Amino acid sequence: MGGCAAGTLLAVAGTTGARAAAGTTTSTTALTTASDEAALQAAISDLSRPPTTSAQLRVDRRGDHWYGTAGAADLASGRSVRPDDRFRAGSVTKAFVATVVLQLWAERRVELDAPIGRYLPDLLPSAFSRRITVAQLLNHTSGLPDHRGLPDDSTPEGVLRHRWDRWTPREWVETVTHDPLKFDPGTTQEYRGINYVLLALIIEKLTGRPYGQAIESRVLRPLGLTRTLLPGQDPRLHGPQVHGYLRMTDGSLRDITVYNQSSAWGEGELISTLDDLSRFQRALFSGALLPPHALDKLFTLPPDSVRMLDGTPARYSLGLQTATVNGVTFWGKTGETYGYRTRMFATRDQTLRFVLSYTPTPLTTQEEMTNRVVAALTA
């Protein structure tokens with residue numbers, strides 16, 4: 001439930017062949033070579049692995065850029081995808097939330113090492129609110145227990161059945177208050193969307209306004225991100241959009257574009273476009289949104305002693321995630337929700353940036369398209 005998952009990190013799993021798909025478009029300013037551009041187009045044009053109805057990719061490398069699409073924004077009309085089409089960006093929401101929290105920290109309105117009970121009294125059990133800090137929410141080391149009492153969305157039919165469910169943030173938080181902490185806060189890393197629901201509530205407490213309005217005034221409006229929104233209880237995307245679809249167990253496709261994302265409030269409800277996310281990415285990494293000491297927090301991982309639950313090294317900072325592929329270290333954010341998947345990554349010096357958005361139809365799927373794109377970029 002919630003419609004957004006812990007986005008899989010970039011991981012190239014070998015080369016994958018690609019076949020050209022109908023309805024592909026390309027625009028470029030001479031990215032590097034024709035072979036580079038062909039490899040990128042091939043990477044997004046294989047709409048069979050994973051089964052996907054559309055894909056679009058923007059790459060910026062040392063001032064040059066490339067944009068390509070494949071498939072259709074809407075299967076009914078067959079219209080090609082455009083860079084200003086809205087789509088659901090899932091957990092990319094967290095990068096916007098973290099940006100505002102770090103702005104408030106730079107303004108000395110919140111302390112990262114303060115217990116969250118200072119800002120959200122009486123919301124969580126005292127054992128949680130006294131021990132978990134704001135920073136531990138940001139880097140997913142809070143140790144909050146698993147959700148209990150959620151509707152069953154383990155099948156595509158279950159997803160459709162609950163697509164109109166309405167949740168308040170406090171109702172969602174209540175689902176993680178029934179068990180003890182999973183580990184001592186700060187000792188282990190586990191990606192959890194609920195951390196960012198709590199951070200959005202802290203933003204509201206400190207600013208006195210809905211967190212979406214805080215993001216709008218501090219990020220969206222200054223950057224001119226006019227096609228990005230946080231919908232709350234509104235299930236629609238509005239205007240030109242990319243449709244998302246789910247494959248049912250009987251093999252049929254159902255349009256999942258219209259969906260109440262209130263269960264993803266604060267963690268994964270963002271609606272945006274490829275152009276807007278690229279602009280946000282460039283501004284964030286360039287320091288237009290954060291002063292240097294706050295920007296550094298986005299590129300600082302926990303100590304080496306902190307590991308993921310499976311024992312692998314920590315990979316989440318105070319707002320971003322990182323992965324190194326073929327010697328290239330990327331920082332950014334993944335996002336996914338039913339029918340949509342988004343990948344927004346760059347090197348810290350921005351010599352290489354990319355935003356990928358595609359619309360897989362299985363309820364769960366592997367990272368084949370992302371892997372092909374990253375393989376082409378780092379070959």
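Mentor: E190 sits in the loop between β5 (188–189) and α7. Helices here are DSSP runs of H or I with at least four residues, strands are runs of E with at least two, and both are numbered from the N terminus. The model is predicted: local features need pLDDT of at least 70, side-chain atom pairs count only at pLDDT 80 or more, and totals for chains, interfaces and linings use all residues. Residues are numbered from 1 along each chain as its sequence is written, and side-chain values use heavy atoms, with hydrogens and water left out.

E190 has 15% relative accessibility, so it counts as buried. Buried means under 20% relative accessible area, exposed over 50%, and partly exposed in between, with a 1.4 Å probe and protein chains only. Set aside its neighbours within four places in sequence, and E190 is in contact with H140, L144, D146, K182, F183, N195 and L309. Contact means heavy atoms within 4.5 Å.

Two of those partners lead on. Take H140 first. H140 lies in the loop between α4 and α5 (156–161). H140 is buried too, at 3% relative accessible area. Its phi is positive, about 60°, although H140 is not a glycine. Most residues other than glycine have a negative phi.

N195 is the other lead. N195 is one of the buried residues of α7. Of its 14 residues, 10 are buried, so α7 is largely enclosed by the rest of the structure. The buried set is I194, N195, Y196, V197, L198, L199, A200, L201, I202 and I203. These residues pack against α2 (93–106), α4 (134–138), α6 (169–174) and α8 (211–223). Just after α7, G208 takes a positive phi of about 75°.

The axes of α2 and α8 are 10 Å apart, at an angle of about 80°. Axes are lines fitted to C-alpha atoms, for helices over the stretch in contact, and angles run from 0 to 180 degrees between N-to-C directions. That makes α2 roughly perpendicular to α8. The classes are: under 35 degrees roughly parallel, over 145 roughly antiparallel, 65 to 115 roughly perpendicular, the rest oblique. On the α2 side, the contact uses T93, F96, V97, T99, V100, Q103 and L104. On the α8 side, it uses Y211, A214, I215, R218, V219 and L220. By type, the contact holds 9 nonpolar residues, 3 polar and 1 charged. Here Ala, Val, Leu, Ile, Met, Phe, Trp, Tyr, Cys and Pro count as nonpolar, Asp, Glu, Lys and Arg as charged, and the others, Gly among them, as polar.

Q350 lies in the loop between β12 (340–346) and β13 (352–360). Q350 is buried, with a relative accessible area of 18%.
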